[in-house]
Amino acid sequence: MNFRKESKGYRSWQLVLVGLVLFITQTAQAQVLGGRRFAPSTAATSTFSWADPKEYEIADIEVTGSQFYDGASMINISGLQKGDKIKVPGDAVATAIRKIMDQGILEEVEILASKVEGDKIWLQIALKERPRLYAINYVGIRKGEQESLSEKVKTYKGKIITETLKKNLELAIRKYYQEKGRLNVKTKSTIRVDTLRGNNATLIVNVDKGEKVKVHKIILNGIDEKSRGLILRKIKNTKQVRFGRIFKPSKFVPKKWDEDKTKLLEAMNKLGFRDFQIKSDSIGKVDKKSVDLYIKLVQGKKYYYRNINFEGNYIYPDSVLHMVLGVKKGDVYNTEELDKKMQGNPGDDLSSVYMDNGYLYYNAEPVESAIEGDSIDLTIRISEGKQATINKVILNGNTKTSDHVVMREIRTLPGQKFNKSAIIRTVRELSTIGYFNPEKITPNPQPRPDGTVDIEYNVEEKPSDQIELSGGWGGYIGFVGTLGVVFNNFSAKNLTNWSAWRPLPAGDGQKLSVRFQANGAAYQNYSLTFTEPWLGGKKPNSFSISLNRSVSYPYQFRTTGYGGGYGSGMGGYGSGYGGYGGGYGGYGGYGGYGGYGMSAYSVPDSLLDAHFNVNSVTFSLGKRLKWPDDYFSLSNSLSFSQYDVDRYYTWAYPQGKSTSITLMTNLSRNSIDNPTFPRMGSSFSLNASLTPPYSLMGGNKEGNLIEYHKWMFDASWFTPLLGKLILHTRAHLGFLGSYGGAATTRFERFDLGGSGMVQGFSFNRDIVGLRGYKDRVIGPSGSYGNGGVAYNKFVMEARYPVSLNPSATIFVLGFAEGGNNFASMTDYNPFNLYKSAGFGARIFMPAFGMIGIDYGFAFDKPRPGDSDFGRQAFTFSIGQQIR
């Protein structure tokens with residue numbers, strides 16, 4: 001007996017059985033049923049008739065043709081079991097076939113009677129499995145498109161090929177091209193079974209992309225003509241064909257069109273058109289390459305606020321709430337802006353008035369109480385609720401950082417009243433310490449039955465330690481290698497706890513930085529810095545100590561300079577700066593060595609051990625301030641430096657040993673929301689560096705005590721523009737002066753230009769970047785050697801994030817900036833700028849910090865005599881650049 005069900009469509013079991021009994025014979029040792037032949041027992045043969053169905057007991061069931069599926073499972077699915085009594089012909093066999101086919105994993109199922117003896121029957125379930133999808137081959141599209149499609153449909157691989165799978169896969173492919181404006185894309189797929197890979201198959205998909213479909217016209221019905229231009233401007237992503245359209249292509253993408261309709265409705269509501277509606281829209285085909293879009297609108301009136309009343313407010317009077325809400329009679333009716341003023345601007349919205357004072361259960365609902373003409377009366381119904389006190393604070397996710405490090409940054413403490421702004425500020429503080437993923441810091445207030453509230457902070461640790469392994473060209477000293485490590489979450493108290501070394505003890509929020517730079521024996525720099533941000537552990541008073549040693553032998557650079565020199569001598573000094581970029585060959589001293597300006601190889605042996613060495617130690621104490629607000633901080637530093645200059649006559653540095661004792665004071669305010677990719681907030685810093693005025697006190701006769709006063713100002717603003725697009729503006733100024741008319745020191749000056757990175761020795765100068773120009777090239781004639789005593793720089797950047805993943809934060813930027821460096825205060829002119837513009841990218845990786853590349857075009861020529869005018873298109877940077 002043979003019962004079959006095929007995947008092309010269910011056949012009713014009645015037709016199957018009728019087909020089986022069309023020809024039944026017992027004249028031979030074989031019996032033919034439905035075109036299938038089997039050999040029944042020679043002891044007994046049977047005939048099956050719908051007119052006389054017989055009852056049989058199932059003696060056994062076997063499954064054949066199954067390569068990947070368990071036979072016992074198929075028997076269980078069928079519902080047939082050994083010992084069951086079934087009628088043949090009857091419903092039991094047809095039902096069993098249906099149950100197995102309903103699984104959708106088989107192409108064909110047959111149930112055969114392999115043997116019949118008396119009232120016993122032996123059944124065989126014969127399966128034909130569907131192939132599994134092993135690979136997808138595309139025909140008619142480019143390799144890049146194939147890779148993109150493979151990524152979109154990769155989840156289909158390994159699944160059983162069914163008609164549904166084929167349709168869904170082709171639908172995904174068509175959707176991919178429709179999103180690119182190819183509405184007429186066509187697909188056709190065929191299966192190629194790979195016999196060498198078992199039951200696996202390859203799907204061959206032929207793709208006819210068709211032409212891109214553009215929007216010929218957008219036809220607006222139901223509005224007045226003067227509003228047409230306004231509405232078309234609000235349709236942001238679907239534009240009509242127009243000559244010269246570049247930034248917004250006119251291709252038609254259904255998904256974008258649907259988004260535009262939703263955004264159009266929102267935009268018109270913002271403009272006060274409360275009754276604006278999209279009644280219907282349709283698409284009209286112009287030809288194979290273009291369509292017309294028809295949209296029927298109801299514009300309605302433009303509405304304005306008239307009277308705004310409050311109900312249910314007992315704590316605060318109407319006058320206070322009106323002032324906070326900031327909506328006045330005659331303002332355009334804008335529900336989105338109203339929502340922001342009510343609860344979308346923490347610290348300044350209506351909800352903050354209550355929730356910052358403990359009213360956790362506060363609720364306010366605006367209701368349109370009257371509409372007359374184009375005026376709307378609004379009633380805001382307030383439920384103030386009771387004040388809630390914080391019961392406890394719960395921390396989750398700080399697997400590396402100690403609880404006390406996190407708790408000292410939290411602004412919501414047990415016993416305090418609930419404060420919404422304090423929670424938001426806590427999230428900001430936890431973001432800025434750099435130990436946690438800013439995108440995963442989530443506060444969760446949990447109200448309790450007793451009227452108190454628990455506040456849970458969920459954080460996710462991120463790698464915070466960094467390693468710097470880089471090389472760069474350090475001007476005339478050649479290649480400089482750098483190796484540095486920064487442990488941002490160090491733990492000094494666990495230094496003796498060997499089990500805490502992973503690779504160093506961590507978790508107490510201290511910072512340890514070690515850095516080494518070298519160019520063989522010619523230049524070496526060592527630095528070590530340790531910072532404790534909470535000295536004593538009770539107040540945010542920071543302490544740091546920094547050690548630095550720099551050793552350089554300028555005349556040991558044996559690389560050829562850029563040229564013979566900028567002059568055979570300058571007065572009696574005869575240096576000529578002959579080896580800029582490769583060795584300063586012409587450092588001849590007071591006229592005697594002026595002839596050596598052709599090459600570094602010309603330096604006499606007597607100068608090979610000439611050197612410029614610096615040793616310094618700095619101690620710093622800082623504290624957070626509460627006035628004018630708690631974003632302010634103040635730090636004071638005391639630095640001791642010794643300079644040892646021996647036969648290094650360039651730039652007129654004083655020979656011998658010089659000592660600098662400097663008191664530095666820094667007042668800063670920082671309210672940025674995220675240290676890696678800030679979206680809002682600002683940062684200001686005013687720094688004063690002062691040495692004792694030895695000359696005013698009648699001292700420093702030998703000139704070996706360095707004296708100066710130096711002032712630095714840095715300001716930075718972050719402003720959201722549109723969506724994720726952020727505007728970053730900066731201003732930087734610096735001034736260096738002397739006491740009592742004395743000559744300004746040769747140390748501590750400013751160099752401007754290039755990436756702003758310090759590669760090689762900087763002679764204790766502030767190096768400020770200016771993209772589009774060469775390193776340290778900006779300033780008056782000769783300022784590369786002399787340096788500037790005043791500078792300013794102004795920057796404007798537009799930033800857009802590509803990825804905010806904490807393991808690799810990436811953003812792109814466009815910039816315009818200008819700056820200048822001045823030899824004296826009398827020359828200072830803040831409007832005389834060297835200007836540039838360009839674009840760049842930044843990637844932040846926790847192990848390496850911020851890495852940047854920029855392409856800048858310089859508009860001015862700081863060195864007209866050079867072949868490149870002092871310009872340099874590409875600049876690279878490592879680390880967060882302050883200036």
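The model is predicted. It contains 13 helices and 37 strands, and 44% of the 883 residues of the protein count as buried. Of the contacts between residues at least 6 apart in sequence, 59% join residues at least 24 apart.

**Helix pair α2 and α3**

- Helix α2 covers residues 71–78 and helix α3 covers residues 91–101; the two pack with their axes 8 Å apart, at an angle of about 120 degrees.
- The crossing in which α2 passes α3 is right-handed.
- On the α2 side the contact is made by M74, I77 and S78, and on the α3 side by A96, K99 and I100.
- Sorted by class, the residues in the contact of α2 with α3 are four nonpolar, one polar and one charged.

**Helix pair α4 and α5**

- Helix α4 (residues 143–152) packs against helix α5 (residues 163–178) at an angle of about 125 degrees, and their axes are 10 Å apart.
- α4 and α5 are therefore also described as oblique to each other.
- α4 passes α5 in a crossing that is right-handed.
- From α4, the residues E145, S148, L149 and K152 make the contact, and from α5 the residues I173, Y176 and Y177.
- The contact of α4 with α5 comprises four nonpolar, one polar and two charged residues.

**Cis peptide bonds and the surroundings of P89**

- The peptide bond from V88 to P89 is cis, and its omega is near -10 degrees.
- P89 lies in the loop that runs between strand β5 (85–88) and helix α3, the α3 that packs with α2.
- W50 belongs to another stretch of chain, the loop between β3 (36–38) and β4 (54–64).
- W50 and P89 are 39 residues apart along the chain, and their C-alpha atoms are separated by 6.1 Å.
- Is W50 buried, partly exposed or exposed? With a relative accessible area of 31%, W50 is partly exposed, because that class lies between the cut-offs of 20% and 50%.
- W627 and P628 are joined by a cis peptide bond with omega of about 5 degrees.
- P628 is located in the loop between β25 (611–624) and β26 (632–646).

**K420 in helix α12**

- K420 is found in helix α12, which spans residues 420–432.
- The relative accessibility of K420 is 16%, so this lysine counts as buried.
- Leaving aside residues up to four places away in sequence, K420 touches Q343, D349, S351, S352, M355 and D356.

**D673 in the loop between β27 and β28**

- D673 is found in the loop between β27 (656–670) and β28 (681–690).
- Which residues does D673 touch, not counting those up to four places away in sequence? They are R428, S431, P678, R679 and M680.
- Two of these, R428 and S431, have numbers within the range 420–432 of helix α12.

**Positive phi in residues other than glycine**

- E748 has a positive phi, near 65 degrees, although it is a residue other than glycine.
- The loop between β30 (725–737) and β31 (750–752) holds E748.
- E748 counts as buried, because its relative accessibility is 14%.
- R776 likewise has a positive phi in a residue other than glycine, with a value near 55 degrees.
- R776 is found in the loop between β32 (766–768) and helix α13 (783–786).
- At 10% relative accessibility, R776 counts as buried.

Notes
Residues numbered from 1 in each chain as written. Predicted model: local features only at pLDDT ≥ 70, side-chain atom pairs only at ≥ 80, totals over all residues. Heavy atoms only, no water. Helix = DSSP H or I, 4+ residues; strand = E, 2+ residues; numbered from the N terminus. Buried < 20%, exposed > 50% of the residue type's maximum accessible area, 1.4 Å probe, protein only. Contact = heavy atoms within 4.5 Å. Axes fitted to C-alpha atoms, helices over the stretch in contact; angles between N-to-C directions. Left-handed = near helix turned anticlockwise from the far one by under 90°. Nonpolar A, V, L, I, M, F, W, Y, C, P; charged D, E, K, R; others polar. Parallel < 35°, antiparallel > 145°, perpendicular 65-115°, else oblique.
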